[in-house]
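Colleague: I would like to go through this structure with you. Could we start with single side chains and then move on to the strands?

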Amino acid sequence: MILKLDWGSILASVIAIGIIILLSIISIIIARKLIIRLTTHSRLSKGTQLRLKTIQSILINVTTYVIIFIALVSILAEFHINISAILASAGVLGLAIGFGAKDLVSDIVSGFFILLEDQVQVGEDVTVNGFSGTVEHVGLRVLKIRDPEGDLHFILNRDIKSLTNHSRGHMLAKVDLPLSTKTDLDQALAYLEEQCRLLRELLPGVIDGPNVLGVVDVTPQSSIVRIQARAENGKQGEVERRLRKELVQATDKAGYLLTETT
């Protein structure tokens, strides 16, 4: 028995498959360019651009997978394969995988909203679930935080119960000076106020101040005087060190008895 091939049908199927593949490639390219155009804004901050870059990657991947799936289903239809049975099997398999990967899905959903709501960015100082440090990575599954001791903490997005961002807005730089109880306090405060006025133009990163708040505590040996300034985010540590150094030197030069600094 000789098997007769319907070359006309085969040629038509090959042409149809070629068209499906070509249209799929064109659709992926167009979708990719459209997503990139909609999620690229050069005028935004660097952190926001990084956040949009992550969202951009997610949208491109999801769109690509959807187009490829539609193309595969269309190609199988050209071979007269029962698509309904395959879709039903895929649905059951997807449901089983969904139940098994519900924690992963929870991580991804939580991570997506962290990025979408701009809760945190790479390089910011945060406290998450009691862990404090600098953010090194913001992903769809995990948040990576490097603490001051150098340890790297991996926190799953679904486990984030509390997040405090210390890098938004202006920060306070505080210096406490313990002055001896033998010092004329009124004279010392007036002198410190004058020094703060002179330092306002010398301290980089200062938004407001420094100002003498006054005595915040008293011990048998000293009166604790607090000086405070409002600094640019991320520069409060530098402002505190410079302010402490200048005030200690100025106070010593003036002959005031300064016991120690904190």
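**Pairs and strands**

Colleague: At 29% relative accessibility, does R146 count as buried, exposed or partly exposed?

Modeller: Buried means under 20% relative accessible area and exposed means over 50%, with partly exposed in between (1.4 Å probe, protein chains only). This is a predicted model, where local features need pLDDT of at least 70 and side-chain atom pairs pLDDT 80 or more, while totals for chains, interfaces and linings use all residues. Residues are numbered from 1 along each chain as its sequence is written, and side-chain values use heavy atoms, leaving out hydrogens and water. The 29% of R146 makes it partly exposed.

Colleague: Which side chain does R146 meet in a salt bridge?

Modeller: A salt bridge is a side-chain nitrogen of Lys or Arg within 4 Å of a carboxyl oxygen of Asp or Glu. For R146 the N to O distance is 2.9 Å, and the partner is E136.

Colleague: How far apart in sequence are the parts that this pair ties together?

Modeller: Strands are DSSP runs of E, at least two residues long, and helices are runs of H or I, at least four, numbered from the N terminus. E136 lies in β2 (131–138) and R146 in β3 (142–146), so the parts tied together are apart by ten residues.

Colleague: In the salt bridge between R226 and D176, which residue is buried?

Modeller: Their side chains meet at 2.8 Å, N to O. R226, in β8, and D176, in β6, tie together parts 50 residues apart in sequence. R226 is partly exposed at 24%. At 16%, the buried residue is D176.

Colleague: Which helix holds both R197 and E194?

Modeller: These side chains meet in a salt bridge at 2.5 Å, N to O. Being three residues apart, the two are separated by about one helical turn, and their helix, residues 185–199, is α5.

Colleague: Which are the edge strands of the five-stranded open sheet?

Modeller: Two strands pair if DSSP finds at least two bridges between them. The order here is β4-β3-β2-β1-β5, with antiparallel pairing. Pairing on one side only are the edge strands, β4 (152–156) and β5 (163–165).

Colleague: In β5, which residue is the bridge partner of V128?

Modeller: Strand β1, residues 125–128, and β5 pair in the antiparallel sense over three bridges. In β5, the partner of V128 is L163.
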